[in-house]
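Here are some short notes to read beside the structure.

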Amino acid sequence: MQFSLTQVAKCDKIQSKHCTCSKDWCLFMEEEKLYTIKEFSALTDVSTDTLRYYDKIGLLSPSRRDEKNGYRYYTLNEFERIGEIQTLQQLGLSLDEIKTFMSDKTFLSSYKLLKRQYEHICGKIDELKLLKSYLGEKLAHIDNIISGQLSENISVRYFPARTGYCSDRNCHDYSQIKSESARIIEKYDKNLFISSSYALYIPENELHSGEYRNNYYCVILDITKDKNTKFRKIEFPAGEYAICRYAGTSFDRNSTIEKLLAYISENGYEVCGEALQLCVIDENLTNIDSEKINEIQIAVRRAEKSDI
């Protein structure tokens with residue numbers, strides 16, 4: 001909260017000695033009215049403990065102190081200083097920074113401070129806009145899940161082309177998946193919690209050989225990397241995918257993959273590419289395994305009819 005002399009004049013705790021007008025915004029106030037720390041706290045909405053701390057560190061000291069009992073007494077000069085301290089705190093400065101600035105304040109230092117904090121706030125606004133976008137996507141994603149609920153029925157659906165970068169390290173728990181995600185991105189990305197942009201990659205040859213039962217490879221979708229990256233680029237072409245969801249962890253997928261492969265064979269399809277495992281609801285949203293939902297997507301096409 002910020003204060004000014006006008007606001008002080010409106011406060012019914014301050015009585016004018018010299019003015020005879022009835023306007024509540026009149027600025028004629030009695031000279032050097034003293035306020036105890038309790039009264040000053042009530043005026044400024046700053047706790048007495050905070051005022052004592054400001055005094056201790058030399059940021060805001062009372063105008064007078066009774067030498068006999070040690071009581072602190074404040075005037076309107078400190079009232080204005082409180083408003084300045086609160087404004088600088090809102091701009092993001094620490095108490096040490098505020099103390100340094102206020103002890104050697106010049107026009108140029110004020111200008112530099114305002115410019116620096118303006119640029120800092122602009123950066124924060126950009127971060128918040130990005131975070132808002134991620135949250136909107138996440139909430140829309142969750143809303144779709146809630147409205148659709150979990151369906152373990154198999155369907156074939158068209159997906160546009162997607163690109164990912166894959167780690168060849170085999171992951172066997174969730175912490176390893178997160179670690180590999182960070183390695184692919186090449187830095188810790190706090191927005192991974194919100195965006196859930198990672199998935200698991202299942203090579204086509206492992207779908208045929210059954211090795212998918214023991215291998216779990218992390219893939220990050222829809223990112224751009226340098227051509228010299230050590231991670232393998234994988235193309236998931238546009239086309240039809242047989243999909244099925246299941247409740248459980250990322251490592252409970254085997255029976256669902258087997259069910260999908262049986263469906264593909266029995267319904268005139270054949271596997272024609274890699275597979276994706278999307279973590280629809282994962283450890284970021286729940287610690288309860290039965291609440292987690294994964295979706296398996298296997299690239300398929302219509303099998304050619306044999307003449308025999």
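Is Asp55 buried or exposed?

1. Asp55 is buried. Its relative accessible area is 12%, and the cut-off for buried is under 20%. Keep in mind that this is a predicted model.

2. Asp55 has a salt bridge to Arg65. The side chains meet at 2.8 Å, N to O. This pair links distant parts of the chain, ten residues apart: Asp55 lies in helix H3 (residues 48-56) and Arg65 in strand E2 (residues 64-65). Arg65 is partly exposed, at 41% relative accessible area.

3. Arg72 also meets Asp55 in a salt bridge, at 2.9 Å from N to O. Here, too, distant parts of the chain are linked. Arg72 sits in strand E3 (residues 72-74), 17 residues from Asp55 in helix H3.

4. Another salt bridge pairs Lys292 with Asp289. Their closest N and O atoms are 2.8 Å apart. Lys292 is buried, with a relative accessible area of 5%. Asp289 counts as partly exposed, at 41%.

5. How many salt bridges does a search of the whole structure find? The count is twelve.

6. Now the surface. Leu128, Leu131 and Leu135 make a nonpolar patch of about 260 Å². Leu128 belongs to helix H6 (residues 107-148). Leu128 has a relative accessible area of 55%, so this residue is exposed; the cut-off for exposed is over 50%.

Key: Residues are numbered from 1 along each chain as its sequence is written. This is a predicted model: local features need pLDDT of at least 70, side-chain atom pairs count only at pLDDT 80 or more; totals for chains, interfaces and linings use all residues. Side-chain values use heavy atoms; hydrogens and water are left out. Patches are made of residues with over 30% relative accessible area and no salt bridge: like charges are joined within 9 Å, nonpolar side chains (Val, Leu, Ile, Met, Phe, Trp, Tyr) within 5 Å. Accessible areas come from the Shrake-Rupley method with a 1.4 Å probe; for residues, only the protein chains shown count as cover. A salt bridge is a side-chain nitrogen of Lys or Arg within 4 Å of a carboxyl oxygen of Asp or Glu. Helices (H or I, at least four residues) and strands (E, at least two) are DSSP runs, numbered from the N terminus. Buried means under 20% relative accessible area, exposed over 50%, partly exposed in between (1.4 Å probe, protein chains only).
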